[in-house]
Amino acid sequence: MNLMLLAGFLFATLLATAEANTEKTIFVAPPPTTIPDAGPSFDNLNLYSLSPDHLSLRLSLPVAFPSEEQPRGLDSWYLLQGLSEAQRYEVRICWAAVQPTSFWLDVYDITHVFDTPDLITSLAAYSEDRTEQFASEAASRLSAGSRSILFLHVRSAGDFFTTNKTLMQSPPAVGVDIILDPYLANIFPQSLVPTGAYIAVLAVGSWLLSGIIWKRLFSGSKQHVD
Ligand SMILES: *[C@@H]1O[C@H](CO)[C@@H](O)[C@H](O)[C@H]1NC(C)=O
């Protein structure tokens, strides 16, 4: 009976997850970058940041429908900081399935962004918007020194069609969670450990149960034979 409850619970959990969508990218943290005292300041970028001390962000992301100018919708930029060199991580973005959206996630090192005109232009534009909108709120603070840092570039485009013109002209912002997930021993996302343990318990449980059932069946048929 308990097992039935457990199976029901697992099923409900699966259903619940099925209603959210996920896009992710996996990367290995680079060697530390030295941030000069008087260099371009990351503080002034006003980006949200993710780090081992702050593994998730809940945001409302504006989207646009794909256009010739912006084939992948609107850009947003985040800092991934305090990473451990050579450690594998994944970054996920999760959103409700009732808000159909396409997301593209890319992780770049600082030099690559600064050396690629399209990227630095996009970062500068986003940073300027953020600075105007949110003056001093939630800005990431990076002191000079040596850190493993990456930029996360997210593009979000509306992915639905409706006859409602208001909605087609300005698709509503999408509620998202952006999650940084370190891999354990570089092979298994840390946040999946409870699920992994759960599946292992379930597997051992059903193995034991099948043993019991087998015994009962066996002794049952023996009695029958007798
Ligand atoms: C279109 O969508 C907007 C926003 O959800 C809503 O306020 C409006 O009533 C809708 N218009 C029609 C004609 O359904």
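**At 37% relative accessibility, Phe 114 counts as partly exposed.** In this legend and those that follow, buried stands for under 20% relative accessible area, exposed for over 50% and partly exposed for values in between (1.4 Å probe, protein chains only). The views show a predicted model, in which local features need pLDDT of at least 70 and side-chain atom pairs count only at pLDDT 80 or more, while totals for chains, interfaces and linings use all residues. Residues are numbered from 1 along each chain as its sequence is written, and side-chain values use heavy atoms, with hydrogens and water left out.

**Trp 77, Tyr 108, Phe 114 and Phe 151 come together in one aromatic cluster.** The structure holds seven aromatic pairs (rings of Phe, Tyr and Trp, the last by its six-membered ring, with centres within 6.5 Å; planes under 30 degrees apart are stacked, over 60 edge-to-face and the rest tilted). One of the pairs joins Trp 77 with Tyr 108 in a tilted arrangement, with 6.4 Å from centre to centre and 35° between the planes. This pair links distant parts of the chain, since Trp 77 belongs to strand β5 (residues 74-80) and Tyr 108 to strand β7 (residues 101-108), 31 residues apart; strands (E, at least two residues) and helices (H or I, at least four) are DSSP runs numbered from the N terminus. Trp 77 is classed as buried because its relative accessible area is 0%, and Tyr 108 is likewise buried, at a relative accessible area of 17%.

**Lys 24, Glu 90, Arg 92 and Asp 181 are joined by salt bridges that share partners.** The structure holds five salt bridges (a side-chain nitrogen of Lys or Arg within 4 Å of a carboxyl oxygen of Asp or Glu). In one of them Glu 90 meets Lys 24, and the closest N and O atoms are 3.4 Å apart. Because Glu 90 lies in strand β6 (residues 88-96) and Lys 24 in strand β1 (residues 20-28), this bridge ties together parts that are 66 residues apart in sequence. Glu 90, at 2% relative accessibility, counts as buried, whereas Lys 24, with a relative accessible area of 45%, is partly exposed. Another salt bridge connects Asp 181 with Arg 92, the closest N and O atoms being 3.0 Å apart. The partners come from distant parts of the chain, Asp 181 from strand β10 and Arg 92 from strand β6, 89 residues apart. Both Asp 181 and Arg 92 are buried, and the shared partners of these bridges make one network of Lys 24, Glu 90, Arg 92 and Asp 181.

**Asp 177 and Arg 58 form a salt bridge through their side chains.** The distance from N to O in this bridge is 2.8 Å. Asp 177 is part of strand β10 (residues 174-184) and Arg 58 part of strand β4 (residues 56-61), so the bridge ties together parts of the chain that lie 119 residues apart in sequence. Arg 58 counts as exposed because its relative accessibility is 69%.

**Ala 185 has a positive phi, near 50°, and so does Asn 186, near 60°.** Most residues other than glycine have a negative phi. Ala 185 is placed in the loop between β10 and β11 (188-189), and Asn 186 is also found in the loop between β10 and β11. The relative accessibility of Ala 185 is 70%, so this residue counts as exposed; for Asn 186 the value is 28%, and the residue therefore counts as partly exposed.
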